[in-house]
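Work through the exercises below. Try each task before you read its solution.

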Amino acid sequence: MLTIKNLQAKVGEKQILNGIDLNVKAGEVHAIMGPNGSGKSTLASVLSGREEYEVTGGEVEFLGKNLLELEPEDRAREGIFMAFQYPIEIPGVSTINFMKTALNEIREYRGLQALDAVSFLQLMKEKMKLVEIDQSLLSRSLNEGFSGGEKKRNEIFQMAMLEPKLSILDETDSGLDIDALRIVANGVNKLRNKNNATIIVTHYQRLLDYIVPDYVHVLYKGKIVKSGGKELALELEAKGYDWIKNEVAVA
Amino acid sequence: MSTTVTRDIKNEIAEAFHQSKFDVANDHRKSAFAFFEKTGLPGTKQEEYRFTPITKNLEKNFNWDIKATTSSINTIDEFLIPNLDANILVFVNGNYSASLSKIISPDTEVKIKTLSEAFKSDSATIAIYLDKVLTPESDPFAAMNAAFWQNGLFIHVPENTNVSKPIFILHFNDAGENQVISQTKILGILEKGSQLSVVEKFDSVGSNPVFHNFSEEWIVKEKSHLEYCKVQNDVGKSYQVANTIIHQSDNSLLNTFTLTLNGQWVRNNLSIIIDGEHCESHFYGLYLVNGNTLADNHTVVDHQKPNSFSNEIYKGIMDGNSKGVFNGKIFVRPHAQKTNAFQSNRNILVSETSTVNTKPQLEIWADDVKCSHGCTSGQLDEEALFYLRSRGISATLAKAMLLYAFASEVLAPIQNETLKSYLDILIAERLHNNF
């Protein structure tokens, strides 16, 4: 589904990604872990198309298309979803109206008819249950005055609505208490199927207790320095990142 | 240099005045004209018109050999507000059109007359109020209007009366064949405990220049309630100066909304005199401009008595080479203790060539008051734009959504649902198509 080859990127004058290789297939969950400043969030940002990040080398192919050539909205329409680390507040735009617009823009791109009001509401009700989010919250301005947990739940709600092929969860666990974490993870798990894939970007192993990954990759200084199964996350939790840093230094 | 220009145009205008054959209010006009002749039009150095040197443009674009210009228009349907069940009053090039107007409210609810009629039938009331709050001394264009008005409206609501249908006033200027100079005037009086909703719309057609000098006075007496909405949607060669003054007495309520969408230059002087206790005034404004439009809102809230509340929110979106000007004065007089006065002016500059000048001016003589003001100007939030795009929404649509979200807050005080939904669509369509 997603093939990243030797991806390099910088922001301003600072080189952050130094050659990333990654293969993600349908049905898989990949966790990208690493210490602060290793480039985890940069990778997520580059994949979602943030303009501040300049790709200086490498390739990214998503479902046969050159992802790096696509505008952010076209990436979303092709099936990429990014759950933001810090979801932004937008006064005056309700989540409901926002989702209706987004969904219909994506449908139009795919040659589908716009959803009528009834079908949209039906879909919304169904997805609301999945992430245990209340309609009153969705009628309000997008994320305005929401708690950290409510914002993250809203991200997962949007993900459920848009049914992406590849979801990238950028530090979704940050700022969540254990109950909110469980709700968010439950939502993600229910959305998993053999046709979609998930990349979880996280500093801590905690979220991976709830969303069990197939692969774990450790990012350090802009490169994947170690890959393994879910047990690698536990090892990191037990030993900390210094262990990896030392290994890299020795090599 | 500018003084010479002013003197020339003043002489031309004086000549025009002496040649005009007014049929009513000659004494009244003469005293206003005497004042106008003394002060003339504002020069470029005059602080109040610093960003809007309109005199130069009048000199450049108009001749003052004023003849009544004709219009072949016979339907105004496209300028009406669909489904708004209202009294309709139409001015074409400054003259009242009885054939295009339609009064549906009974005389017992509201008296609606042309100003020239009212000079005969209601001369005593006219003598008390006309040009008394908006005096010729308050603004050069008000003086000019008091001398030159072609026609206007006299609207009088009796005590304890709720006017059930709004009054819709269309100021239409047709510059298809010639330049148009139109000068219209409104005097509205809401007696104690009455209620009225007024919608004013300014439209024009044609490629010749239009100058519309408009004055209005609203007297809102004790326990009365005025809803006031103004929509300025003239074509790109129109210059407008609108002097609006609203005088409030005890326990009165006022909601105003001013929407500026188009025109070459629009200058609004809106003043609220809060001459009563326990009054509430909300005045909201929105200017959505592009091209070479200049939208200048000068507002004044004058708290003269204690215990009243005023809340002002003006927002601007500027694209192309357009300019926005906001000047908001708040006066709190020495006796006006326990006043609450709030003001906010926020602007978004969509293009790099658009500008805005914003200036709050607070003069507070009382010591036990709550006043606040704030103004901002900036670009669209890039983070918010990216967030919307990352969900599949195109950059153009995302931009329109964010601008609409910013703008639509100012519709909050509008009570009439038909009017509100009309304005809502007008704003949304404009942002989707023109920005």
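**Exercise 1.** Is S271(B) buried or exposed?

*Solution.* The model is predicted, so local features need pLDDT of at least 70, side-chain atom pairs count only at pLDDT 80 or more, and totals for chains, interfaces and linings use all residues. Residues are numbered from 1 along each chain as its sequence is written, while chains are lettered from A and ligands numbered from 1 in the order in which they are written.

Step 1: take the cut-offs. Buried means 20 or more other C-beta atoms within 10 Å, exposed means 12 or fewer, and partly exposed lies in between; C-beta atoms are placed from the backbone.
Step 2: apply them. S271(B) has 20 other C-beta atoms within 10 Å, so it is buried.
Step 3: list its contacts (C-beta atoms, placed from the backbone, within 7 Å). Leaving out residues up to four places away in sequence, S271(B) touches I245(B), V300(B) and D302(B).

**Exercise 2.** Find how α4(A) and α6(A) pack.

*Solution.* Step 1: locate the helices, which are DSSP runs of H or I with at least four residues, numbered from the N terminus. Helix α4 of chain A covers residues 117-131, and helix α6 of chain A covers residues 148-162.
Step 2: get the geometry. Their axes are 9 Å apart, at an angle of about 135°. Therefore α4(A) is oblique to α6(A). Angles under 35 degrees count as roughly parallel, over 145 as roughly antiparallel, 65 to 115 as roughly perpendicular, and the rest as oblique.
Step 3: name the residues in contact. Among them are L123(A) and M124(A) of α4(A), and I156(A) and F157(A) of α6(A).

Definitions and conventions
Contact = placed C-beta atoms within 7 Å. Axes fitted to C-alpha atoms, helices over the stretch in contact; angles between N-to-C directions. Helix = DSSP H or I, 4+ residues; strand = E, 2+ residues; numbered from the N terminus.
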